[in-house]
Amino acid sequence: MRAAREVPDVSGASPPAHGWYVYALVLPGDLVPPEGMDGKSPVTLLVCRGIGAAASVVPLAEFGSEPLRRNLQDVGWLEEKVRRHERVVAALLARGPVLPLRFGTVFLGIERVRAVLARNARTLREALRYLADKEEWGLKGFSHRASLRTAPLRGDPALLAQGAAETEALPGHRFFARRKAEELLAARSLEREVELADDAVAAVAPRVVRLVRNPAAAGFASEGGRLVLSLACLLERREVEPFLEEVERWNRDHRRDGFRLTASGPWPPYHFTPGLPVDA
Amino acid sequence: MPERAPESLLERQVTLLETLDRVLNRGVVVAGDVTLSVADVDLIHVGLRLLLCSVETAREWRVPGTFPLSHP
């Protein structure tokens, strides 16, 4: 019988058996404690200088430096923990502004959490205030090559000319003419994708406070579609509806273009957190 | 907010990608004082790639009531 098993030793006695997993930084106040990383320890707020660190106790046998390294390569473990992390941050976001921490941030003791809050209190308070009336939204652009080729490129002068050349070519030359037409079509498709992506960015930009354009997970594709545009947008809350309307309008205007936008959100503002100075 | 639910498998996979990219690669980075160093972040990418390869994972990535893109 190990009767004391449920009681984490967080007294700081060495060697520590538990650490503090920090999910996000928030404003102090009431918190309906979500379930933490280990599925039992509740998330609590460790408060220092007007900043609350939403944290829960985790065993270092699982989250210590070496075990964590091993676990990060275990897909099943990673998936479960990412879900738990995500769920906690989502619950915090419903409560007010959050500064999400990168996955896997584990402190060896409460005093170390407090030290980081104390050192960066001003930056963190300003960031929370800045984000209080804003939301992060994602915007993805999907290209459907087949329809992009049949619709918007149908009237392309260069392609028409190449098509005519193919028809008129002598039988022996037709194969090469056709291959040239294929190459031209592929090149024009790519150009057209870039044009449409830029056009979409320009359409939503006036609604956006800050915008991060991610390299669109190059080559990510399935079901004949391809991800070609990936944006993280920071919006004033009152601009969210107009932003979504703009996306719908753009999709309506381009419904025959083989290119479609998808908005997602609100996300915790992962793309718009402040950088903290590396400790001296 | 299920009105933003993804429609196709591609979009569901991308939703998973979006979630993982945010949770694993973004957010406030605290150097020092923590058990995981910045150099270890590359290890996360190993797991991330494996996770993305799993279509089953993309199908099942549903956390009702949390992120808006999850299935209703």
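In which strand of chain A does P266(A) lie? P266(A) belongs to strand 10 (residues 259-267) of chain A, strands (E, at least two residues) and helices (H or I, at least four) being DSSP runs numbered from the N terminus. The peptide bond that leads from G265(A) to P266(A) is cis, with omega near -5 degrees.

The model is predicted, so local features need pLDDT of at least 70 and side-chain atom pairs count only at pLDDT 80 or more, while totals for chains, interfaces and linings use all residues. Residues are numbered from 1 along each chain as its sequence is written, and chains are lettered from A and ligands numbered from 1 in the order in which they are written.

Chain A is divided into domain 1 (14-132) and domain 2 (135-271), with bounds from an automatic or database domain assignment. The C-alpha centres of these two domains lie 38 Å apart.

R49(A) sits in the loop between strand 2 (44-48) and strand 3 (51-59) of chain A. Most residues other than glycine have a negative phi, and most peptide bonds are trans.

Turning to helix 3 (residues 75-93) of chain A, its 19 residues should span 27 Å at 1.5 Å a residue, and its end C-alpha atoms are 26 Å apart, which agrees; the expected span is 1.5 Å times one less than the number of residues. Leaving aside neighbours within four places in sequence, L92(A) is in contact (C-beta atoms, placed from the backbone, within 7 Å) with Y23(A), A24(A), V26(A), A54(A) and V98(A).

Conventions. Contact = placed C-beta atoms within 7 Å.
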